[in-house]
Amino acid sequence: MKAGRRQFLLAAGLLPLFRPLSAAGERVVIIGGGWGGLSAASHLRRLAPELDVVLVDRQPAFTSFALSNRWLVDPAAGNLVRHDYARLAQTWGYRFVQASVEAIDRAQRVVTTATDRLPYDWLILSPGIRENFAAWQLTDPLAVAELRQRHSGAMLNAADLPLLKKRLAGFTGGDLLMTIPPAPYRCPPAPYERAMLIAWWLKTQNIRGKLVIIDPNPVMPAFKSILLERFKDQITYLDHAKVRQVDVARKTVSTDIDEIRFDEALLSPPQEAADLLWQAGLIRRDEGGQATGWGAQAGFDFRSPEDERVFIIGDAAGLVSPLFGLFPKTGHVANRMGAIVARQIAVRVTGKSVPVVLPESVCYVLSSVDPLEQMRIETTYRQRVDGFLMQQVKQIREPNPAGEDVAWAAGMYRDFLQP
Ligand SMILES: Cc1cc2nc3c(=O)[nH]c(=O)nc-3n(C[C@H](O)[C@H](O)[C@H](O)COP(=O)(O)OP(=O)(O)OC[C@H]3O[C@@H](n4cnc5c(N)ncnc54)[C@H](O)[C@@H]3O)c2cc1C
């Protein structure tokens, strides 16, 4: 095998990298109790109960983004899903530490919080994303905090959704501005679903308001006619438009061409991997040495090329294939990554080899509540004969939706919330 190809396959996790040895009593520390971290924790308990599993998150509870767009505007939608970590830890038999991780010492294999030092044998990082307000010329922490408080698009933390719902309920007319982050960002169809449901809500509630969408990406073809034609009285759509500056006091957003005034806004700046990966030096650099903004990890086993004891999963993960780039940043993919990494670590305990498993993703997108209209986006992967990973995306219209989205979510939650 040629050295270059072997190097790529090794980096992609396709060639065996480590020898099995007994890992009983070893400790796995998982940072981030989102879809990725909770999946890794629950799968480790099932696959290797002899391991000491510690989950660390700065928040006291997990809140899910899934199905939240409908919840924002439809009083008949179910509740947000929220689970205390302490209770989850008890249910599954792992330990939970509520703390913000400040540093990772990979040489000593220790994670540091404000009050603790946690040694580890294996480290799983699933810290999600951070929002890059500096790209909008906002560097003052007080200005960023004010923007988040008054006009956050609530894409960072699902615990912010109740405040967004309250702000929307208080919108009685005028210009409601929404910015979509440049790709890649979490849950690619989510901002479009949110826009369609807000437009549906404005229309059916006879609110004399306009949703102004600033989108730096080309409009997603599947939603084009709904956004531009069906809701043409509710939506002004600016595609290929890039936000340059935001002035919260004057309630304006500047693009290359316009200055747009708003009465209420859902502002979501460009996204990147969470702070922790930057602090730990685990961000991927491109060939020119520039930080790509996303984690450096293999595409198949999610191991860091810097350190075989460290895995990076979930939305923080970066490039996986030169053919399509990154995995979609969905909870479904993060869940599958958590399970795959748990299997890698469990191999150390059992000594058995495991076949390569690839993630997949299913996303349900609503375009209207009454009548109910739904689309399913399925993303699958396969390995090409030359070792590269290929992606296939299918969009399927559900002609008569009957709760498939709720059933999908319940199935996912059984895997890591309620066994
Ligand atoms: C509006 C919206 C709708 C969505 N709908 C869907 C959907 O229907 N289906 C779907 O599959 N996906 C959906 N997603 C995407 C999904 O929510 C994300 O892909 C998923 O949350 C990613 O999981 P994660 O584990 O990578 O990160 P997160 O879920 O963000 O978890 C990261 C955790 O790490 C913690 N953390 C970070 N840094 C530290 C630190 N230094 N110390 C301690 N703790 C730390 C955070 O507190 C957080 O709890 C949606 C997203 C949005 C915004």
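Predicted model: local features only at pLDDT ≥ 70, side-chain atom pairs only at ≥ 80, totals over all residues.
The protein chain is divided into domain 1, which takes in residues 3–128 together with 274–356, and domain 2, which covers residues 133–270. Between the C-alpha centres of domain 1 and domain 2 there are 30 Å, and where the domains meet, 15 residues of domain 1 are in contact with 17 residues of domain 2. On the domain 1 side of that meeting, helix H3, residues 68–73, gives the most, with 5 residues, and the residues of this side divide into 6 nonpolar, 6 polar and 3 charged.

Helix H2, residues 35–47, packs with helix H10, residues 331–350, at an angle of about 35°, their axes being 7 Å apart, and the crossing of H2 and H10 is right-handed. Among the residues that make this contact are Trp 35, Gly 36 and Leu 47 of H2, and Gly 331, Met 337 and Arg 343 of H10; the contact divides into 11 nonpolar, 7 polar and 1 charged.

The other pair is helix H7, residues 190–204, and helix H8, residues 221–230, whose axes come within 11 Å and cross at roughly 25°. Why is H7 described as roughly parallel to H8? Because angles under 35 degrees count as roughly parallel, the crossing at roughly 25° makes H7 roughly parallel to H8. H7 passes H8 in a left-handed crossing, and the contact is made by Tyr 192, Ala 195 and Met 196 of H7 with Phe 223, Ile 226 and Leu 227 of H8, which divide into 6 nonpolar, no polar and no charged.

Technical notes. Residues numbered from 1 in each chain as written. Domains from an automatic or database assignment. Contact = placed C-beta atoms within 7 Å. Helix = DSSP H or I, 4+ residues; strand = E, 2+ residues; numbered from the N terminus. Nonpolar A, V, L, I, M, F, W, Y, C, P; charged D, E, K, R; others polar. Axes fitted to C-alpha atoms, helices over the stretch in contact; angles between N-to-C directions. Left-handed = near helix turned anticlockwise from the far one by under 90°. Parallel < 35°, antiparallel > 145°, perpendicular 65-115°, else oblique.
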